[in-house]
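Reader: I've got a model open on my screen and some questions about it. Could you walk me through it?

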Amino acid sequence: MDVVVTEDQRMLQDSTRRFLENRASIDATRRCIEDGLSFAQETWREGLELGWVALFVPEAFGGIAEYAGGAIDASIIAEELGRVVYPGPFLPACIAAFAIADAGSTEQQSLVLPALARGDILASPCFAGHSARSGTEPGTVRVSRSRNGYVLDGSASSVQHAEQADYFVVTTMDEKGGVSQFLVPFDAKGLTTNPLDPIDLGRSLAELHFHSVAVPEEALLGEYGNAAGQFERQLQLALVLHSAESVGVTDRVLEFTLEYVKQRYAFGRPIGSFQALKHRLADHAMQLEGARAAVAHAAQSVHHAAADAAAATSVAKAQSGKYGTEIIRDCLQMHGGIGMTWEHDIHLYLRRAVSNEALWGAVPVHYERLCRLARA
């Protein structure tokens, strides 16, 4: 199954790749790392002008959601971003835009969506806990009612670009197990941010701590205690984009590894001519195509709100997570000593693949999720 299903989407893939090669190559990612920057603001704004986040913003608020391919188009962009280990906030911004467009009030949408699509502000989802199951279910932020609204307590982990975010889409649970979501500003009293030291040098992660954070009624996103459905839709989109990025990461590594084994000579011949490496590379190509097909199907299912969307996204996450790290680790071995150096790019790709495998639920968690869905 091909992710690119229309001529417009083929053009989207080509234009995104050209833009990233010119403005956000892997060398640009290295410069951000060396300069201590989370991402290049100018490049991010240029990407927004291409409609990256506007895919999920209705036309009334400055977007193109009614005319775009939603999750399908976004997965194409995410895959291309993975090929350069892009450090920008594409995934959190898209999830936040989708969440607010899906469940937000008119006031919330007017406040956030136009500015988010332009790049004037940044928003990030906040619902992961601290375990391997993080990202697949509401985390450890608790909510209780107060006289003037609600009070949030607890913490959330692995929040992407938390230090740059202006708003958080916070998922909470009450004492009865009801799921609620809130749009919380970064400067809310009692909200503190603790930056993490991630293995992925091109990704900004942080823990958020809520110490009796008071939020008003108008901060509620959707209905109180009845947000499980909207949370699931956000999770499905996140899994699609995350998995598509992993496919792009793996695809690029396999691509330059094939180039390397054709040029690297040993015993008078290219090492790629040895049968053992041929078989390993053939296996990797097959596994990658399987993951790409799984992501393509998941993107279609999420975009069309199909009945199998939950299962399809977990299959895509499990396939891209498991085989992404396996393939890149073996490609690193094929590079020999040069692959272990800071100067070679492969370690940046491996770091992103390992990070992607763990975030939004580890592979075994999605196998378990598939089993639960099969029993339902």
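Author: Alanine 305 is found between helix H8 (275–303) and helix H9 (309–335), where helices (H or I, at least four residues) and strands (E, at least two) are DSSP runs numbered from the N terminus. Before we go on: this is a predicted model, with local features needing pLDDT of at least 70 and side-chain atom pairs counting only at pLDDT 80 or more, while totals for chains, interfaces and linings use all residues. Residues are numbered from 1 along each chain as its sequence is written, and side-chain values use heavy atoms, with hydrogens and water left out.

Reader: What is the phi of alanine 305 near?

Author: Alanine 305 sits in the loop between H8 and H9. It counts as exposed, at 67% relative accessibility; the cut-offs are under 20% relative accessible area for buried, over 50% for exposed and partly exposed in between (1.4 Å probe, protein chains only). Its phi is positive although the residue is not a glycine, and the value is near 50 degrees.

Reader: And tryptophan 360, is that buried or exposed?

Author: Tryptophan 360 is in the loop between helix H10 (346–358) and helix H11 (363–375). Its phi is positive too, near 60 degrees, in a residue other than glycine. With a relative accessibility of 10%, tryptophan 360 counts as buried.

Reader: On to charges. How many salt bridges does the count come to?

Author: Side chains of opposite charge can pair when their charged atoms come close. The rule here asks for a side-chain nitrogen of Lys or Arg within 4 Å of a carboxyl oxygen of Asp or Glu. By that rule the count is 23.

Reader: How many residues apart in sequence are the parts tied together by arginine 45 and aspartate 120?

Author: The side chains of arginine 45 and aspartate 120 form a salt bridge at 3.4 Å, N to O. Arginine 45 lies in helix H3 (residues 41–49), whereas aspartate 120 lies in the loop between helix H6 (106–118) and strand E1 (123–126), so the parts they tie together are apart in sequence by 75 residues.

Reader: At roughly what angle do H4 and H8 cross?

Author: Ala71, Ile72, Ser75 and Glu79 in H4 meet Arg292, Ala299, Gln300, Val302 and His303 in H8, contact being heavy atoms within 4.5 Å. Axes are lines fitted to C-alpha atoms, for helices over the stretch in contact, with angles from 0 to 180 degrees between N-to-C directions. The axes of H4 and H8 come within 8 Å, and they cross at roughly 145 degrees.

Reader: Back to H1: what covers its buried residues?

Author: Gln9, Leu12, Thr16, Phe19 and Leu20 are buried in H1. They are on the same side of H1 because they cover an arc of only 95 degrees around the axis, taken from the directions from the helix axis to the C-beta atoms. The face turned away from that buried side carries the exposed residues Glu7, Arg18, Glu21 and Asn22. The cover over the buried residues includes H3 and H4.

Reader: Last one. Which residues is glycine 321 in contact with, leaving aside its neighbours within four places in sequence?

Author: Glycine 321 is placed in helix H9, a helix largely enclosed by the rest of the structure, because 20 of its 27 residues are buried. Glycine 321 counts as buried as well, at 4% relative accessibility. With those sequence neighbours set aside, its contacts are Glu357 and Val363.
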